[in-house]
Each structure stands twice: as C-alpha cells, then as structure tokens.
Amino acid sequence: MGFYKERLYPLVQKTVEANAKTSHLNGIVNGTLPIDKFKFQVRQNYNYLIEYAKSWAAGLARCHDYDTMSIWAEIVNETIEHEIPFYRSYWKEKLGLSVEDLENEVMSLVKRSYTSHEVARSWEGDLAEQVTALLPCDLVYWEQAKYLLPKCTLPEGNLYRDWLTFYTKGWFAEVCEKLIVLIDRLVENKTERELSRIIEIFAISCNYEHISWDMYFNTQTWPLADLFPKKFTEYENPVKGISFKKE
Amino acid sequence: MGFYEDKLYPLVIKTVEAEVKTPHLQEILNGTLPLEKFRFQIRQNYNYLMEYSKGWAIGAARCRDYEVMLVLVELLRETLEHEVPFYREYWKKTLDISPEEFEMEQLSFVKRSYTSHELARGWEGSIVELVTALLPCAFVYWQMGRKMKSMCTLPEGNLFRNWIEFYTTGWYDEACKQLIELINKLTLGLTPREEARVLEIFAAGCNYEYISWDMYYNMEKWPLGSLFQAKSV
C-alpha cells in the first residue's frame with residue numbers, strides 16, 4: 001500500500017461522506033438545487049481555478065530539473081489552456097454566464113481561505129507539501145462524484161447529472177491516478193514528522209472542500225462585504241491581447 | 001493626509017465598530033467572559049504570532065532596499081524577541097498556560113485561513129501587498145484597544161482590563177505610527193488597479209480580524225476536526 005492509500009484516502013472517504021450530507025450536494029443529486037446557488041458555485045469555482053493554477057506554477061518555479069519541470073508544466077498548461085477555457089465556454093452555453101460574470105465575482109471567504117492555504121503552502125514548503133495542498137481538490141471531487149452518481153436518478157442530459165458525470169470520466173480518473181503516483185513518489189524517505197505535516201496540509205484542504213458546499217448553498221461571500229473595493233478584472237489588464245502562441 | 005488616513009482608516013473603524021458588538025468582546029468589556037474561552041483565544045493567538053512573524057521574514061527576504069529592510073527586520077525582531085516571549089511568560093504567570101499547551105494547540109479554521117492569506121500575499125505580491133496583508137492585525141487591535149479602554153469599567157489590575165490596555169500602551173502606539181509611515185510611503189504612486197488590489201487585501205484581513213471573535217467565543221476549530229492527527233511539538 002502506498003502512502004496515499006494508507007494515510008490520505010481514509011481522510012478523503014470521511015470528507016466525501018460528510019459532503020454527501022450537505023444540502024447543496026443533495027440538491028444537486030435530486031435536481032432541486034435553485035439555479036442561482038449553482039451559478040454562484042460555478043462563478044466561485046472559476047476564480048478558484050485561477051489560484052489553483054498559480055499554485056502549480058509556484059511549484060513549477062521551484063523544480064530543479066527538466067523532467068520534474070515538464071510534469072508541473074503539463075499540469076499548469078492543462079489548467080490554463082483547457083480547464084479554464086472550458087469553464088468560460090461551457091457555462092456560457094449552459095448557464096448564460098459570461099466571462100464578465102465570472103471575472104467580476106469576488107472570491108468568497110472560504111475560497112479565498114482555501115486558495116491562500118494552497119498558495120502559501122506552495123511557496124513555503126517543498127514540492128510534496130505543494131502537491132498535497134492541491135490534491136484534495138481533485139481527489140475529493142473524484143471520489144465524491146463516484147459516490148454520488150449512483151444515487152442520482154436525474155435523466156441523462158440534466159445539467160446537474162452532467163456536472164456529476166464530468167468528474168467520473170476516464171480522463172479525470174487518469175489525472176487522479178497519476179496524482180496519486182506523484183504524491184507517493186514525493187513522500188518516499190520522509191520522516192514521520194514530515195509526513196504528519198503532509199497529513200495536516202491535506203486535512204486542512206479536505207476541510208475547505210467540506211465547508212465550500214454550505215458556503216455555496218448560503219451564497220456566503222464575506223461577513224463585512226462592504227469593505228471590499230470594486231474589483232479590477234482582466235478587462236483593464238495592461239497586457240491584454242499580447243500572445244506568444246505560434247501561428 | 002496619506003493613504004492610511006484616506007483609504008485604510010475608514011475600513012479599520014468599520015471593523016472595530018462591528019467587532020465590539022460581538023459577545024466575546026462584550027464579555028471581555030464587562031468581565032464576564034468564561035476563562036476557558038479567553039484561554040482558547042490566547043492559545044490561538046500565540047500560534048498566529050508564529051505565522052505572522054514568518055510574514056515579516058518573507059518581507060525581509062524579498063525587499064530591495066536597506067531602509068525598508070531595516071523596518072521589516074525590526075518588526076520581525078519585535079515579534080519574535082518580545083511579543084512571543086511575553087506571551088510565554090505573561091500568560092504562564094496569569095493563566096498558567098505552559099509552553100507545551102501553546103505548542104499543542106492546532107491553528108483553527110479562521111486563524112489558519114488568516115495566516116495563509118498573510119503568507120500567500122507575502123510570497124506572491126509586491127512589498128506593499130505583503131505589508132498590507134499584515135497591517136490589519138496591528139491597526140485593528142490598536143483602534144479596538146482605544147475604543148474598548150474608553151468603554152471599560154473594570155478595576156485596575158483586572159485580567160481583561162490589562163489585556164485591553166496592552167494595546168493602548170506607548171510602545172504599541174509607536175509601532176502603529178511607524179507602520180502608518182511605512183504604508184504611506186510604500187503606496188505613493190500606485191495605479192488605481194494596484195490600489196484596488198491593496199484595498200482588497202486589507203479588506204480580507206479586516207474580515208478575518210472580525211470573524212476571529214466569534215471563533216474564539218464558540219471555540220471553533222474545524223468542521224471535520226477528526227481528520228487531524230495530534231500535533232507534533
């Protein structure tokens with residue numbers, strides 16, 4: 001048994017069981033979730049993905065050899081070139097959420113906290129700690145979708161069913177399985193003290209994964225929301241329009 | 001008038017007004033807060049200070065000029081050499097909290113989130129962003145101390161009164177005034193976009209300050225606390 005299976009997987013299981021009981025996920029499984037709450041979830045998650053990509057990039061900046069770097073570059077690339085553009089086009093089509101809607105969203109307390117945890121651990125720790133902070137995002141979603149999909153009686157083509165199905169697809173399973181191999185390799189030869197730090201980082205992210213669902217359901221942003229300034233989006237970005245892509 | 005007076009002070013005042021209404025600070029004011037809750041607050045704050053110090057240290061490492069570096073190193077030293085030892089000695093004496101008890105305490109959801117925000121901004125942003133993330137801690141406590149002292153009718157020597165007065169002493173005043181000077185210099189010439197980012201960082205910090213009081217009052221750690229192992233010291 002690898003480190004993941006032995007020490008982290010049990011935490012994923014507990015998180016999934018707790019998540020499955022939330023009103024938000026129940027509303028998705030039985031199709032009764034008000035669409036505004038789902039839209040809020042999608043807008044928040046879009047902004048989450050930007051920070052998630054930055055965390056992998058922070059790891060990339062700290063790799064020491066080409067081989068390792070290539071793995072991190074693939075993940076950064078996958079997120080920036082596929083997942084984020086997918087979000088922008090898919091949810092536009094399905095929910096009418098424009099890129100402006102996604103960009104204008106201020107990250108909520110929970111998402112800001114979660115991503116600050118990811119970004120802070122990515123800079124201050126080693127690669128194993130960086131990867132660990134990001135793992136629950138993939139692995140909890142994967143296990144959660146596998147757990148919830150059999151309970152879902154919504155017809156094919158239903159928005160919520162499609163969303164659940166998305167995280168049970170072959171390509172996502174493949175990503176998750178590779179991440180497990182990656183973390184098992186990264187923790188080889190670590191002391192128990194180092195491993196307990198890894199487990200703590202993982203447990204924290206699992207907790208953020210758990211509380212996200214109540215945050216979505218209650219569309220909670222910040223308790224003192226009026227302290228925030230108007231958000232600047234990519235539309236005022238001075239580098240907008242520059243591209244280094246080969247024609 | 002500088003950036004602090006124009007842009008940050010109004011946010012500090014709103015935060016202080018909201019937080020003095022929390023049951024935790026109300027009960028500190030009238031002396032009825034259960035000691036168990038106060039001890040929880042102190043233990044959490046001790047662990048907060050460790051991460052807060054790391055924030056200044058990151059600043060010192062990333063700074064490009066000697067003058068700013070000196071200020072950041074001073075703040076780091078102030079925290080590590082005075083505030084942390086003060087916590088260890090003073091609260092050992094008055095609340096009998098041992099160093100082991102401090103060390104065993106797991107950072108709660110709110111404190112972990114707050115310090116991750118401080119450290120993430122510290123690593124990823126400019127020096128002004130780094131300093132901004134760390135400012136609400138000093139400024140909100142400063143204004144809160146002043147406001148609460150004027151409202152507090154507890155006798156001299158009372159544990160809670162002493163705690164409030166800690167943030168109204170001359171050296172704390174001095175430190176905050178230095179921080180105002182620093183942020184006013186660092187924010188000169190910011191573009192509106194950079195300024196919005198600074199204000200967002202400050203607003204997030206103020207929110208974390210605000211929600212800390214309910215977290216202390218309810219002694220909240222994590223919703224899924226069973227995922228954590230015992231902390232290794």
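Predicted model: local features only at pLDDT ≥ 70, side-chain atom pairs only at ≥ 80, totals over all residues.
**Exercise 1. How are H3(A) and H6(A) oriented to each other: roughly parallel, roughly antiparallel or roughly perpendicular?**

Solution. Two packed helices are described by the angle between their axes and the distance between the axes. In chain A, the axes of helix H3 (residues 35–60) and helix H6 (residues 109–124) come within 8 Å and cross at roughly 5°. Angles under 35 degrees count as roughly parallel, and H3(A) and H6(A) are therefore roughly parallel to each other. On the side of H3(A), the contact is made by Gln44(A), Asn47(A), Tyr48(A), Glu51(A), Tyr52(A), Lys54(A), Ser55(A), Ala58(A) and Gly59(A), while H6(A) contributes Lys111(A), Thr115(A), Glu118(A), Val119(A), Ser122(A) and Trp123(A). Sorted by class, this contact of H3(A) with H6(A) holds five nonpolar, six polar and four charged residues.

**Exercise 2. Describe the side of chain B that touches chain A, by its helices and its residue classes.**

Solution. Begin with the extent of the interface, in which 31 residues of chain B are in contact with 32 residues of chain A. Next, assign the chain B side to helices: H1 (3–19), H6 (109–124) and H10 (192–217) of chain B each supply at least two of its residues, and the largest share, 10 residues, comes from H10(B). Finally, divide the residues of this side by class, which gives 18 nonpolar, eight polar and five charged. For the complex, the predictor gives an ipTM of 0.92 and a pTM of 0.94.

**Exercise 3. Locate Asp96(B) and Met219(B), which have a positive phi, and state how exposed each one is.**

Solution. Most residues other than glycine have a negative phi, and most peptide bonds are trans. Asp96(B), although it is not a glycine, has a positive phi of about 55°, and its place is the loop between helix H4 (66–95) and helix H5 (99–104) of chain B. Asp96(B) counts as exposed because it has 9 C-beta neighbours inside 10 Å, where the limit for this class is 12 or fewer. Met219(B), likewise not a glycine, has a positive phi of about 45° and is found in the segment after H10 of chain B. With 14 C-beta neighbours inside 10 Å, Met219(B) counts as partly exposed.

Note on methods:
Residues numbered from 1 in each chain as written. Chains lettered and ligands numbered in written order. Contact = placed C-beta atoms within 7 Å. Helix = DSSP H or I, 4+ residues; strand = E, 2+ residues; numbered from the N terminus. Nonpolar A, V, L, I, M, F, W, Y, C, P; charged D, E, K, R; others polar. Axes fitted to C-alpha atoms, helices over the stretch in contact; angles between N-to-C directions. Parallel < 35°, antiparallel > 145°, perpendicular 65-115°, else oblique. Buried ≥ 20, exposed ≤ 12 C-beta atoms within 10 Å, placed from the backbone.
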